[in-house]
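Subject: A structure for you to explore

Hi there,

Here is the structure I promised to pass on. Have a look around it first, and then read my notes below.

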Amino acid sequence: MAASATSWATRRGIGWWALAFWIFMLVLPLMGSAFPSESFDYYMFMGQSMMVYAIAVLGLNLLTGFNGQISLGHGAFFALGAYTAAILMIDFGWPYWATIPVVAIVCFGAGFLFGFPALKLESHYLALATFTLAIAVPQLLKHKSIAGWTGGVSGLVLEKPDPPFGLPISPDQFLFYFCLLMAMILFWAAFNLLRGRSGRAMMAIRDHGMAAGTMGIDTSLYKTITFGISALYTGIAGALSAITVAYVAPDSFALPLSIAFLVGLVVGGIGSLPGCLIGGAFLVLVQNWSQSLSDVLKETFSLQYDVPSWAIYGVLLLLLMYVMPTGIAGGVLRLRGAIAGRLRRVETVRSKPLVLQSEGEKH
Amino acid sequence: MLSVRGVTVRFGGVVALDAVSFDVFPGQIAGLIGPNGAGKTTLFNCLSRLYQPSAGEILFQGQSVLATPRHRIASIGIGRTFQNVALFDRLTVLENVMVGRHCQTHSSFAANALRLAGVVAEQAGAQARAMELIEFMGLEDFTHWPSGGLPFPIRKRVELARALAAKPKLLLLDEPAAGLNHDEVHVLEAQIRRVRDTQDVTVLLVEHHMSLVMSVSDKVITVNFGRKIADGTPEEVRRDPEVIRAYLGTAA
Ligand SMILES: Nc1ncnc2c1ncn2[C@@H]1O[C@H](COP(=O)(O)OP(=O)(O)OP(=O)(O)O)[C@@H](O)[C@H]1O
Ligand SMILES: [Mg+2]
């Protein structure tokens, strides 16, 4: 059968895995009702955070993994989304869910505009420019002139929404479902994008910009739009973070956040959709364990100070890049490929004669 | 169909093209030959708007090519391959050829993300056409292979299939025979003829492989050091003393 052209995702039957995964996620909160436990709400919160980070990493992946533009400053778009949602809720009394479309538009616009100067920059300079963005945004958020809106250094405290329609679930179970719904919509849309004309154009630009241009792709337009879409995804993740944490503060959006997205991207797998989910989960787990890891390290090496989480990220990142250079998703795929005997197929095709059509062609 | 008029390109002190003029007529296969560094690829790059000539005009079906932005060149009907093969390495052969359909399809980002009904139909059409071309070029066995890892002669065919997917009226081939063995060149020759006859395209062919150019071309344009030195049927060009001195003399 002529399979669809989405080799990187569907061809190896990942469709079923994806379905199983999302169903599992749908059932997961029900566990809490079946086996009530003290810490269940906390697990639900971790689950929310994993999805939030997964969406943010997906945003970065669309830009870097699928379009070949680098960003060290996606924390800025995350912050923009978080603050837009928070301000709409506090100052304008909007319900949490209604902020999402506005965040989408605002962040798309911001990303699109940032994409224009980005066009002129070679990759190193783009890295530098986005790096500057990551550093500047927390400072801007603290600035006096907008402190009335942003709450300055102390940030903004929100209210956690209650489950609607009197649903018999806890707020955290409900927010889990809300994040899950958003994640499903956003991953579905990204999947569609990538297997369609626009996604192929994005990847063509990544692989060979000049050839993409001669194929009729308006490379500048596609790159700026991709920047916008990427910012939209990461911005929505920011809004979800504001809603689920019920708090925004400038320092949580500083450089380490942008670096965390990159780590999630590389760990999960650059240019892999399931990899984004893996990356998101990884970030939350490391955050969770970094305190105890830091304690262990302090103990064993009798250090005088805490080991910061970014240092742990760094070490883990190096380790993983060494063991699995294509990320966890890539590593799993290769493993599966090896088991399924794809390597054998390589051999058969390689050994085929290259002049395939000489007979058929004569007439 | 194609009319190149006094095109001049300079790179610093180097004059890569010096007031080159020639015409290509519909349905022709025109050969463009000349020694290394003569300016052949530079001319192609002007035609696909990668370089901006400092003087001259290029008309394609009466329309100014130089007034057309790069990304519109494919949709006005000029397609090309590259001398050193420019594929999208991480995409499969099928995906590469489908990218070739870009200028023939129109769905937007939003329509793609929501996978509207029109997108599904358009995608199916693009894929069907791509599969036809993959068969046409004898690439069925490689359909789902990432193009990056394929052997060079296969990559060249993928590139040709991708160029054809855009439904060009004029196809620019930059040294399609380079790196092919004797048998493969024969296949290529047949393929070029077949492309012209069945896909309804005019071909401008840059090639160092003399017997290929001479047998397949209706006319041959010769350039040397950026200047056109001959323009005529293969027979005329083969006998032209200046061509013999500049090119065939050194090759023979
Ligand atoms: N981007 C560029 N910058 C500077 N000089 C260039 C550039 N492109 C081509 N040239 C110069 O222009 C001249 C013509 O080069 P071109 O590549 O067009 O030759 P060609 O006829 O295609 O040769 P070959 O048969 O080796 O491919 C050469 O002297 C080359 O060095
Ligand atoms: Mg050349």
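Let's start where the two chains meet: 48 residues of chain A and 52 residues of chain B take part in the contact. Please keep in mind that this is a predicted model. Between them, chain A and chain B bury about 4,600 Å², and carbon and sulfur atoms account for 62% of that area.

How many salt bridges cross the interface of chain A and chain B? The rule finds 1. A:Asp207 forms a salt bridge with B:Arg90, and their closest N and O atoms are 3.5 Å apart. There are also 11 residue pairs in polar contact between chain A and chain B, counting pairs with both residues at pLDDT 80 or more.

Which parts of chain A face its partner? The elements that give two or more residues to the side touching chain B are α8 (171-195), α9 (197-207), α10 (209-214), α11 (219-245), α16 (342-350) and α17 (358-361) of chain A. Of these, α9(A) gives the most, with 9 residues. Sorted by class, this side of chain A has 24 nonpolar, 13 polar and 11 charged residues.

Now turn to the sheets of chain B. As a reminder, the strands of a sheet pair through backbone hydrogen bonds, either parallel or antiparallel.

One open sheet has 4 strands in the order β2-β1-β4-β5 (chain B), with antiparallel pairing. Its edge strands are β2 (14-24) and β5 (63-64) of chain B, each pairing on one side only. Inside this sheet, β1 (residues 2-11) and β4 (residues 55-60) of chain B are paired over 5 bridges. To see one of the partners, find B:Val4, whose bridge partner in β4(B) is B:Ile58. Helix α1 (residues 40-47) of chain B packs on this sheet and touches β1, β2 and β4 of chain B.

Another open sheet has 6 strands, in the order β6-β7-β8-β3-β9-β10 (chain B), and its pairing is mixed. β6 (78-80) and β10 (227-232) of chain B each have a single partner strand, so one side of each has no neighbour in the sheet. From one strand to the next, the twist averages 20°. Here β3 (residues 29-33) and β9 (residues 219-224) of chain B run parallel, joined by 4 bridges. B:Ile33, for example, has B:Thr222 as its bridge partner in β9(B).

Look for α1(B) again here: this helix packs on the 6-stranded sheet too, and its direction makes about 145° with that of β7(B).

Enjoy exploring!

Notes
Residues numbered from 1 in each chain as written. Chains lettered and ligands numbered in written order. Predicted model: local features only at pLDDT ≥ 70, side-chain atom pairs only at ≥ 80, totals over all residues. Heavy atoms only, no water. Contact = heavy atoms within 4.5 Å. Buried area = accessible area lost by both parts, 1.4 Å probe. Salt bridge = Lys/Arg side-chain N within 4 Å of Asp/Glu carboxyl O. Polar contact = N/O pair within 3.5 Å; in protein donor to acceptor, adjacent residues only side chain to side chain. Nonpolar A, V, L, I, M, F, W, Y, C, P; charged D, E, K, R; others polar. Pairing = 2+ DSSP bridges. Axes fitted to C-alpha atoms, helices over the stretch in contact; angles between N-to-C directions.
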